[in-house]
Amino acid sequence: MDAVNTKPADAVVLFDGVCNLCNGAVNFIIDRDPASSFRFAALQSDQAAALLAPLGRVPEVEPQSFILVEGGKVYERSTAALRIARRLRGGWKLFYAFMLVPRPLRDAVYRLVARNRYRMFGKAESCRMPTPELRARFL
């Protein structure tokens, strides 16, 4: 539980706050998470650093990973994305079957997209600012 919000986070998604693809992914998750079980913070934020420090992790200077903190554990890249998909409403749960694909192969595809995400999807000038309705979902 944090000082601003009274609801404890089941899971926290840490994302590159200036990446248009990442911001789109956050919107996608929010739209398919009616139970509001996910909370969000930009990897560039003090909140992300405070969340990761006790887990022995430091946010990357140039974020290349989508991170899920769930149950006191840190999941990155494709594993984070698939664990999130498993908890979304609708058929997105089926994507969790890709966990059967060896992680090095999944992450190779993930890294290819991550390296090219700014060129393919663009980059914002600053981190995402949530709307007043969504502010409680962000750390």
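**Notebook: rings, a sheet and its helices**

I started with a charge: the charged end of R32 sits over the ring of F28, 3.7 Å from the ring's centre. The rule I used for "over a ring" is that NZ of Lys or CZ of Arg lies within 6 Å of the ring centre and within 35 degrees of the ring normal. R87 does this too, over the face of F38, at 4.8 Å from the ring centre.

Before going on, I noted what I'm looking at. This is a predicted model, where local features need pLDDT of at least 70 and side-chain atom pairs count only at pLDDT 80 or more, while totals for chains, interfaces and linings use all residues. Residues are numbered from 1 along each chain as its sequence is written, and side-chain values use heavy atoms, with hydrogens and water left out.

**Aromatic rings**

Back to F28. I looked up its ring partner and found W92: the pair is edge-to-face, 4.7 Å centre to centre with 85 degrees between the planes. The rule is that rings of Phe, Tyr and Trp (its six-membered ring) pair if their centres lie within 6.5 Å; planes under 30 degrees apart are stacked, over 60 edge-to-face, and the rest tilted. Helices (H or I, at least four residues) and strands (E, at least two) are DSSP runs, numbered from the N terminus.

I then checked exposure, where buried means under 20% relative accessible area, exposed over 50%, and partly exposed in between (1.4 Å probe, protein chains only). F28 has 27% relative accessibility, so I put it down as partly exposed. W92 at 32% is partly exposed, and F95 at 38% is partly exposed. I also wrote down one aromatic cluster, formed by F28, W92, F95 and F98.

**The sheet**

Next I traced an open sheet of 4 strands, in the order β2-β1-β3-β4, with mixed pairing. Two strands pair if DSSP finds at least two bridges between them. The edge strands, each pairing on one side only, are β2 (38–42) and β4 (73–76). Neighbouring strands are turned by 25 degrees against each other on average, direction ignored.

Strand β1 (residues 11–15) runs parallel to β2, and 5 bridges join them. V12 has R39 as its bridge partner in β2, and F15 stands opposite A42.

Is β1 buried or exposed? I found 5 of its 5 residues buried, so β1 is largely enclosed by the rest of the structure. A11, V13 and F15 are buried on one side, V12 and L14 on the other, which leaves both faces covered.

**Helices on the sheet**

Helix α1 (residues 20–31) packs on the sheet and touches β1 and β2 (contact is heavy atoms within 4.5 Å). Its direction makes about 165 degrees with that of β2. Axes here are lines fitted to C-alpha atoms, for helices over the stretch in contact, and angles run from 0 to 180 degrees between N-to-C directions. Helix α3 (residues 77–86) lies across β1, β2, β3 (67–70) and β4, running at about 105 degrees to β4.

**Confidence**

Last, I looked up pLDDT, the predictor's confidence in each residue, from 0 to 100. The protein chain averages 84, and 86% of the residues score at least 70. Over residues 1–8 pLDDT stays under 50. Where pLDDT is low, the predicted coordinates should not be read in detail.
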